[in-house]
There are 4 protein chains.
Amino acid sequence: MKVGFIGLGRMGSAIAARVLSGGHDLLVFNRTAEKAAGIGQAGAKVAGSIAAVCANRDVIITMLANDAALEEVTLGTGGLLASLAKGKIHLVMGTHGVDAIRKVTEAHRKAGQVLVAAPVLGRPDVAAAGQLGILPGGPKDAIDLCRPLFQVIGRRTFEAGTEPAAAAAIKITINFVLGCAIEAMGEAFALVEKFGVARPVLYDALTDGLFSAPAYKVYGKIIVDESYDKTGQSAVNGFKDAELALAAGASAGVPLPSVNVWRDRLLSAIARGDGGKDWAVMAFEQAKASGLR
Amino acid sequence: MKVGFIGLGRMGSAIAARVLSGGHDLLVFNRTAEKAAGIGQAGAKVAGSIAAVCANRDVIITMLANDAALEEVTLGTGGLLASLAKGKIHLVMGTHGVDAIRKVTEAHRKAGQVLVAAPVLGRPDVAAAGQLGILPGGPKDAIDLCRPLFQVIGRRTFEAGTEPAAAAAIKITINFVLGCAIEAMGEAFALVEKFGVARPVLYDALTDGLFSAPAYKVYGKIIVDESYDKTGQSAVNGFKDAELALAAGASAGVPLPSVNVWRDRLLSAIARGDGGKDWAVMAFEQAKASGLR
Amino acid sequence: MKVGFIGLGRMGSAIAARVLSGGHDLLVFNRTAEKAAGIGQAGAKVAGSIAAVCANRDVIITMLANDAALEEVTLGTGGLLASLAKGKIHLVMGTHGVDAIRKVTEAHRKAGQVLVAAPVLGRPDVAAAGQLGILPGGPKDAIDLCRPLFQVIGRRTFEAGTEPAAAAAIKITINFVLGCAIEAMGEAFALVEKFGVARPVLYDALTDGLFSAPAYKVYGKIIVDESYDKTGQSAVNGFKDAELALAAGASAGVPLPSVNVWRDRLLSAIARGDGGKDWAVMAFEQAKASGLR
Amino acid sequence: MKVGFIGLGRMGSAIAARVLSGGHDLLVFNRTAEKAAGIGQAGAKVAGSIAAVCANRDVIITMLANDAALEEVTLGTGGLLASLAKGKIHLVMGTHGVDAIRKVTEAHRKAGQVLVAAPVLGRPDVAAAGQLGILPGGPKDAIDLCRPLFQVIGRRTFEAGTEPAAAAAIKITINFVLGCAIEAMGEAFALVEKFGVARPVLYDALTDGLFSAPAYKVYGKIIVDESYDKTGQSAVNGFKDAELALAAGASAGVPLPSVNVWRDRLLSAIARGDGGKDWAVMAFEQAKASGLR
């Protein structure tokens, strides 16, 4: 398949490499040209503009950091909307807000193009191994056209239906459930610590049984070690996830009281200068609110 | 070991059967005498009073439904405090509040007796298989004396330390982390449903990856099926778990904002007549608060 | 009227003085006898026991600090239940939980005595001036019998109806609405401060218009001045008010999410060693959670 | 003074009439021309475009419904930025978000123009009587130039300082404190109702004492009467106030947990079809969450 790719950050590069290794004809573009060097050496062609990356492509994949970047790349001067041929597919794999997805979907539709949202589950190392979960949402035939790509990129798809915004909503939801789990652990570790329990004991009791899942093992470990300085996702980016969730809830009429809780913990962390630490720092805020640290 | 046992509900009976099958000399007592019949036929001796069940025993296990029952059995007229010989052990395996455990611990201490708290993780079927997790807390030598019992009752111990109240706190904590997970799923399923996503899609995406643990699989399934009428733990009992958590937090100086959230959902469920349904009914409350159902 | 009075703290003493000055025959008792000295010199007779203070009295007023004291004085050995003649009235003017009031009400009823709850609105100086608001709840004829007392004690009654617990609920409610107002101000002052606004500007804008009421003027001033060390009601006692509110809500099936918020702020304050400061210290907690102080 | 005025809704019209009656030279513009008819008959000149309304004016007042309108009128093609002479003042009297105010302030500054924010406290009838509270924020000399206008429009100014965003923050804050008060009353009335107390009794007890202020009298009355259909501010607009507050908090690093509570109540109301009712309908949501209605 002739594939264009925009957005070669850590996640984008890993996905692009999978597409290339799957035998697809890959043309890439990145605003910061240096980031395209690696995949270029691996065999991808490098385009110099969004218009160029769209030339003669069946599908353009974008993996962008936020809604502003998506809107700029799509709707801005010389963007995808102006460059993509009719009937072609914009496959949005980044995590975006439901309103941004709706806006861009509608713009493509009016231009005779098609948007498929397919946000992914997993980190860059999982992406590099082709083991991502993929959440496709969009017109059925367009999704079917993208399936060969999904097969090289991920291990499984979870089908959101015909609405790209629904796929965005699922991704946002999984992120917020994770935030809730981290906050709950923060409260949990603070409570037992004040009863004199060593943190690893609770960690073992949680993750040995009811909570024997990566969310609890990975983030529980960070909390036990208080290794908030080794940032995976930062507090600032976690806060953005909370904002995406609340915005989706506002759009759909769904209060999310558990999200409010950890959004507030992250906001305090940011206000106190810990915005760059791992978002598990919400547990550190909880500890402080409990008279610890 | 010569073991006395008080409290032959579903969980108590399963544990007592394990003790008996482990070759221990078991003497049981239950307020409602009929409940002792089964274990009696299996080979346990049946006592007619608390005083009688204490006769010549090394350890008395209690598995009681709530703090009031624990205090009555221990501190009431003709209770354990009056009946247990000096130096003997009261092994409390029920889920109790930290204040009740402290009160009873102190009373035993003054009477020259020893309290070990050892709440358990797992349901009656897990208990019957001898696969419980056990959370012992108490004086080290007393816990060591109980280890032969733990070996037939459970598959693993998580050591809370020398304070029985700390063991109670861990059990309460694991319960509240579960409540937080259910509430988060309630919010999650309500949100994606309003975006037109079929509930099983989210279920699969959650439990296939970050949340591939019993807590999410078991309760996610109840929410997907809305099978709140098949009650495991009732909303009323879930609310009691929230109250135990808030009381432990109040005692230790730890705010638990995530617990507040689902406590309120359960309180609404109870107020609307759903107190007897499974506590996952908090997801149903969330759905209603989102304009669904 | 022949009046007995138990509980001569600051508020009790002020009310007792009003009763005496209204020309009633006043017999007082206080556990700490010295506290009865003042009112004794003013003309009240002083009894040496609860039994003695009940002798030949139409009404016994209690103004006690908490539920434990009320239950001890009423239900304990040699308490009101044992000492009060049939048909006589126990007029409970303290702030108590709905469950304690119900328990004591029922005990009196079974003993052929009558309980009227009449918690009061106002501080000791307001009481000394006979300007309290009074919230009577109980059997209509018993309340009517107490009216001459209400007339010397307060400026106005707000009739809760025939259930003493309803009167308790109103008092608890007004207290919690106050807590909510203080918390809201805490959030308000933190927000504008971070925009560079001098606190008195917000104070003026609030209290000049929509919020020109004592709750905002008194507590807003404390927050503006950060004079949390001049304790009116302590954080610890404010926390008890929150607990009374949550317990009333649990009893009646009413979630109180706004109360959760300031209960948690007070719990943090207490955990950090500020339990003895004025309960407006919740605004200080809010400031800290906002990266201030 | 030569004054231009854009935005002749109910509040704008009332303020414009005050400016005119104060003897100022008033030129008005409204997107919907008919709305300018009334003030035109009263003596104001009517302009046909934003450019025309800016001609030869010292100050342009805008009173617009939301941030989108402010940005369109200011930054859009043919807007204020393009039309206002250097050194002239854009006096923003609407309620706007801090980010919108900052963006527009900065745009004006770069264009050599000056923005003063001066949101107002009070409803249209208060505006018509010239009794508004005014919250000016901006450069001191510009505010001084506007004072003659403030004198005919309002009864008092509360000076936010030199930052227009600070004035916006105060207005947003007062709105959110009001939302908190309404929510607290909703919880209060639900609780006492479940104890059998007639709503007016609580209303009297609240507003007679600690809460004898318009916020409680006006909104308490709506809750007592459940007259949510007589909409002052709608639930949808109240929700926007909550969003402005949370956005200001996010911008400044201030969690606002009490706002979360009533934001969620309003979101439920909207989801259930009550978005057009008065925002006091949050009390109705609270009642439903308590098993009432």
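## Chains B and C

In this predicted model, chain B is superposed on chain C by a rotation of 180° with 0.1 Å of shift along its axis, at an RMSD of 0.1 Å. Among the residues of chain B, Asn260(B) comes closest to this rotation axis, its C-alpha lying at 3.3 Å. The same surface serves both copies, since 100% of the contact residues of chain B recur in chain C.

The contact itself takes 12 residues from chain B and 12 residues from chain C. On the side of chain B that touches chain C, the elements giving two or more residues are α12 (235-252) and α13 (257-271) of chain B. The most comes from α13(B), with 7 residues. By class, this side of chain B has 7 nonpolar, 4 polar and 1 charged residues.

## Chains A and B

Two copies of a chain are related by a rotation about an axis and a shift along it. For chain B laid on chain A, the turn is 180° and the shift along the axis is 0.0 Å, with an RMSD of 0.0 Å. That is the relation of a two-fold axis. Ala213(B) is the residue of chain B that comes closest to the rotation axis, at 2.5 Å for its C-alpha. Of the interface residues of chain B, 100% are also interface residues in chain A, so the copies meet through the same surface.

Here 58 residues of chain B are in contact with 58 residues of chain A. The elements that supply two or more residues to the side of chain B that touches chain A are α9, α10 (199-207), α11 (214-225), α12 and α13 of chain B. The largest share of that side, 19 residues, comes from α9(B). Divided by class, the residues of the side of chain B that touches chain A are 39 nonpolar, 11 polar and 8 charged.

## A residue of helix α9

Ile170(B) has its place in helix α9 of chain B, which runs over residues 164-194. This residue counts as buried because it has 27 C-beta neighbours inside 10 Å, where 20 or more are required.

## The fold of chain A

Chain A has 14 helices and 9 strands. Its C-alpha trace spans about 65 × 40 × 35 Å along the principal axes. With 293 residues, a compact globule would have a radius of gyration near 19 Å, and the 20 Å of chain A agrees with this. Buried residues make up 61% of the 293 residues in chain A. Of the contacts in chain A with a separation of 6 or more, 65% are between residues 24 or more positions apart.

## The sheet of chain A

Strands of a sheet pair through backbone hydrogen bonds, either parallel or antiparallel. In chain A, an open sheet of 6 strands has parallel pairing and the order β3-β2-β1-β4-β5-β6. The edge strands are β3 (45-46) and β6 (114-117) of chain A, each of which pairs on one side only.

One of the residue pairs joins Ile89(A) to its bridge partner in β6(A), Val114(A).

## The two domains of chain A

The domain assignment of chain A gives domain 1 (2-162) and domain 2 (168-289). The centres of domain 1 and domain 2 of chain A, taken over C-alpha atoms, are 29 Å apart.

Across the boundary, 11 residues of domain 1 of chain A are in contact with 9 residues of domain 2 of chain A. Helix α6 of chain A, residues 98-110, gives the most to the side of domain 1 that touches domain 2, with 3 residues. By class, the residues of this side of domain 1 divide into 7 nonpolar, 3 polar and 1 charged.

How values were computed. Residues are numbered from 1 along each chain as its sequence is written. Chains are lettered from A and ligands numbered from 1 in the order in which they are written. This is a predicted model: local features need pLDDT of at least 70, side-chain atom pairs count only at pLDDT 80 or more; totals for chains, interfaces and linings use all residues. Copies are superposed by least squares on the C-alpha atoms of residues with pLDDT of at least 70 in both. Two residues are in contact if their C-beta atoms, placed from the backbone, lie within 7 Å. Helices (H or I, at least four residues) and strands (E, at least two) are DSSP runs, numbered from the N terminus. Ala, Val, Leu, Ile, Met, Phe, Trp, Tyr, Cys and Pro count as nonpolar, Asp, Glu, Lys and Arg as charged, and the others, Gly among them, as polar. A residue is buried if 20 or more other C-beta atoms lie within 10 Å of its own, exposed if 12 or fewer, and partly exposed in between; C-beta atoms are placed from the backbone. The radius of gyration is taken over C-alpha atoms; the globule rule is 2.2 Å times the number of residues to the power 0.38. Two strands pair if DSSP finds at least two bridges between them. Domain bounds come from an automatic or database domain assignment.
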